[in-house]
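Thank you all for coming; I would like to take you slowly through one model today. Please have a look at it first, and then we will go through a few of its parts together.

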Amino acid sequence: MKDVCVIGAGACGISAIRQLKAAGLDPVCYEKGSDVGGVWRYNNDNGHSAAYRSLHINTNRYMMAYPDFPMPETYPMFPHHSDIIRYFEAYTTHYELRPHIRFRTEVQDVSQLPGGGWRVRTDAGTEDFRHVVIANGHHWNPRWPEPPFPGTFTGEIMHSHSYREVSQVQNRDVLILGLGNSAADIACEAARLHTGKVVISTRSGAYITPNWLLGMPFDSLASPFTAMLPLPLKRLLLYASLYLARGAQTSYGVPVPKRPILTEHPTVSQDLLPLAGRGQIRFKPNISRYEGREVYFEDGSHESFDLIIYATGYRITFPFLRYEAFDVSATNELRLYHKVIHPDYPGLYFAGLIQPLGAIMPLADVQNQWIARLITGQCRLPAPAQMQATIESDRTNMQKQYLHRPRHTVQVDFFEYKSLIVREMKKMKTS
């Protein structure tokens, strides 16, 4: 039986290989595609990439980089996806990870063995492992509106996951449902063409945060110190920073939620407010029904469109895990100890199954350090009952801040979560 299997060679998977290898283990990674990068590889042949040609990261290069492998200073502050892929390739080469990766290999089933360990079946065969690290990501299985809107739309409908090129929206009247990061990016790209109307339909609006404030990356304002502040004070500081950056959001015609800021994942866009202020992007409430190409909204208004893009997020799914505990696509709520470990399935770990207020790669890296220490015995876990109690407590605390919706079930605050995992590694160190 081999040491450990890693599923997926994206941002979190290659970090897992690196940390497991550094701990003296010999990981085997299965990757469906032909190269590293996961969702960041444009037109990835694994079929799961959500990257579009114009995509840039929305966290700055210092915040996003792996802690022990900074991004080149020649990179722009918010690099293009092609820069990120070159960075992943350099990381993979530097730490000699490729010999551990079996490309073009799809995992089909992961089953618990009666005596301990896991059997992993791929399209190339079957192997047994003591441990399995799942790093296949959670931004690849599109979530569609449920229940569907009444009526039939006779134009084209697509999910933002399928958006690749600006030509897909050129010379078309476009309606985008949702106001997350992808919705904002696509709306801005379509609006700059000046070839058709661009409308965003949103149930309740969103708080729009810029990339820059006073010449500094906006996300660099966050720090371990601000993470320690009480939530009301955090909100006050963020409100003040946003007002300083661009004044009142409603002045641009962009709806603001009635709920407080930091109750949901923010939408990052430097361009949305100016384009909306010039009338190039307009806003409507939620859809009520379809009639041909006519879309009716909840305020009673209606307009005709050629294309509707559902920017409605993703389902958390693991098609190779056929256990009821991991069938959470309806709710996206997988109950894991510190978002990594299910108490009832020893030897199974999840890397990167989080939605941070900040960059995911440094957090996945510290998760993988913890996983490596657990596997090698440098750390140990609490009893299952204690882990279950912690899971319930964390869930209750998260719901005190965030809306109880599928997109917020894996939400974490960057510095708080990083400190939590670091404390866990120290607290559970064995003698």
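Let me begin with a question: is Arg 315 buried or exposed? Arg 315 counts as buried, at 14% relative accessibility, where buried means under 20% relative accessible area, exposed means over 50%, and partly exposed lies in between, with a 1.4 Å probe and protein chains only.

Before going on, a word about where these values come from. This is a predicted model, in which local features need pLDDT of at least 70 and side-chain atom pairs count only at pLDDT 80 or more, while totals for chains, interfaces and linings use all residues. Residues are numbered from 1 along each chain as its sequence is written, and side-chain values use heavy atoms, with hydrogens and water left out.

Now back to Arg 315, whose side chain meets that of Glu 146 in a salt bridge, at 2.1 Å from N to O; a salt bridge here is a side-chain nitrogen of Lys or Arg within 4 Å of a carboxyl oxygen of Asp or Glu. Glu 146 lies in the loop between strand S7 (141-142) and strand S8 (151-153), and Arg 315 lies in strand S21 (residues 314-315), so the pair ties together parts that are 169 residues apart in sequence. Helices (H or I, at least four residues) and strands (E, at least two) are DSSP runs, numbered from the N terminus. Glu 146, with a relative accessible area of 57%, is exposed.

By this rule the count comes to 27 salt bridges. Another one joins Lys 284 and Glu 303, at 3.9 Å from N to O, and because Lys 284 is in strand S16 (residues 282-284) and Glu 303 in strand S19 (residues 302-304), this pair ties together parts that are 19 residues apart in sequence. Both Lys 284 and Glu 303 are buried. There is also a network, in which salt bridges that share partners join Asp 35, Arg 41, Glu 89 and Arg 98. Within it, the closest N and O atoms of Arg 41 and Asp 35 are 3.7 Å apart, and both of these residues are buried.

Let us turn to the nonpolar cores, each being a set of buried Ala, Val, Leu, Ile, Met, Phe, Trp, Tyr and Cys residues joined through side-chain atoms within 4.5 Å. The largest has 88 residues, and Phe 88 and Ile 281 have the most contacts inside it. Helix H8 (residues 361-376) gives the most to this core, with nine residues. A second, separate core of 24 residues includes Val 132, Ile 134, Phe 320 and Leu 334. If we leave out residues up to four places away in sequence, Phe 88 touches Ala 11, Ile 14, Val 36, Gly 37, Trp 40, Tyr 66 and Met 361, where contact means heavy atoms within 4.5 Å.

What about the cysteines? A search of the whole structure finds zero disulfides, a disulfide being a pair of cysteine sulfur atoms within 2.5 Å. The closest cysteine sulfur to that of Cys 5 is in Cys 29, at 7.4 Å, which is too far for a bond. Cys 5 counts as buried, at 0% relative accessibility, and Cys 188 is buried as well, with a relative accessible area of 2%.

Finally, please find Lys 427, which is in helix H10 (residues 414-427) and counts as exposed, at 55% relative accessibility. From C-alpha to C-alpha, Lys 427 and Ser 301 are 58 Å apart in space, and they are 126 residues apart in sequence.
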